Amino acid sequence: KSMLVDSLRDRVNAVGGYTIKKKFDAMSREKPLSGVILAFNQVCQMIKDTAKPVIAKRLRDEFGVDFSLLMRLLPSVSVLFPEFDNSTMRVEACVAMNARSVCFTLLRFVRVVSSPRHPIMLFLDDVQWADSTALDVIHTILSDTMGSCMFFVGTYRDNEVQI
């Protein structure tokens, strides 16, 4: 699997894309969506070094008044906006986002940051440990027909899958 992912990563990087790698573990089920959120949070750091101004403007245009939702979900998005620091943008952490809101926010994020020139490859290892909500979010993003450009590679251990 490492050779497959490495060869795909090289191809994605060659066209200016982003490769996200996340390994689930047995504790992942206890924190629903945490693995998926952490994976997409990585993209912000990658964008910072490449298409920062263009993507930052597109994110601001897309999210508008909902920008605080994105900041709450993906704190690393702040690296794209140096004008926002902790004192400028206070995000109310006490308000929990439901799975549907998380899914919709991530889908909008992926639509903005991914394109044929900047595809996203999402590699999830040990998917058998992912919680069902995380799998539903991934399924929704991968099923998007409105403009996201994402490639998914998932691995699992068949002897540990519970049906």
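This report walks through a predicted model of one protein chain, from its overall layout to a few side-chain pairings.

## Ground rules and confidence

Residues are numbered from 1 along each chain as its sequence is written, and side-chain values use heavy atoms, with hydrogens and water left out. Since the model is predicted, local features need pLDDT of at least 70 and side-chain atom pairs count only at pLDDT 80 or more, while totals for chains, interfaces and linings use all residues.

The mean pLDDT (the predictor's confidence in each residue, from 0 to 100) is 83 for the chain, and 89% of the residues reach 70 or more. The stretch to treat with care is residues 86–95, where pLDDT is below 50. Beyond near neighbours in sequence, that stretch has ten contacts in the model, a contact being heavy atoms within 4.5 Å. Where pLDDT is low, the predicted coordinates should not be read in detail.

## Overall layout

The chain holds six helices and three strands, in the order α-β-α-α-α-α-β-α-β along the sequence. Helices (H or I, at least four residues) and strands (E, at least two) are DSSP runs, numbered from the N terminus.

Of the 163 residues, 42% count as buried. Buried means under 20% relative accessible area, exposed over 50%, and partly exposed in between (1.4 Å probe, protein chains only). Among contacts between residues at least 6 apart in sequence, 78% join residues at least 24 apart.

## Strand β1 and its charges

K22 lies in strand β1 (residues 18–23) and is buried yet has no salt bridge. A salt bridge is a side-chain nitrogen of Lys or Arg within 4 Å of a carboxyl oxygen of Asp or Glu. For K22, the nearest side chain of opposite charge is D25, 6.1 Å away; Lys and Arg count as positive and Asp and Glu as negative, with His and the chain ends not counted. Leaving aside residues up to four places away in sequence, K22 touches G35, L38, A39, F123, L124 and D125.

K23, by contrast, meets D125 in a salt bridge (3.5 Å, N to O). This pair links strand β1 to strand β2 (residues 120–125), across 102 residues. K23 is partly exposed at 45% relative accessibility, whereas D125 is buried at 8%.

## Other salt bridges

The count comes to eight salt bridges. One of them joins K57 and D61 at 2.7 Å, N to O; both lie in helix α3 (residues 52–63), four residues apart, about one turn of the helix. K57 is exposed at 51%, and D61 is exposed at 53%.

R111 and D144 also meet in a salt bridge (2.7 Å, N to O). R111 sits in helix α5 and D144 in the loop between α6 (132–142) and β3, 33 residues apart. R111 is partly exposed at 27%, while D144 is buried at 14%. Salt bridges that share partners also join K23, D125, D126 and R157 into one network.

## Aromatic rings

The structure holds one aromatic pair: F67 and F81, edge-to-face, 4.8 Å centre to centre with 75° between the planes. F67 lies in helix α4 (residues 67–73) and F81 in the loop between α4 and α5 (99–113), so the pair ties together parts 14 residues apart in sequence. F67 is buried at 6% relative accessibility, and F81 is buried at 0%. Rings of Phe, Tyr and Trp (its six-membered ring) pair if their centres lie within 6.5 Å; planes under 30 degrees apart count as stacked, over 60 as edge-to-face and the rest as tilted.
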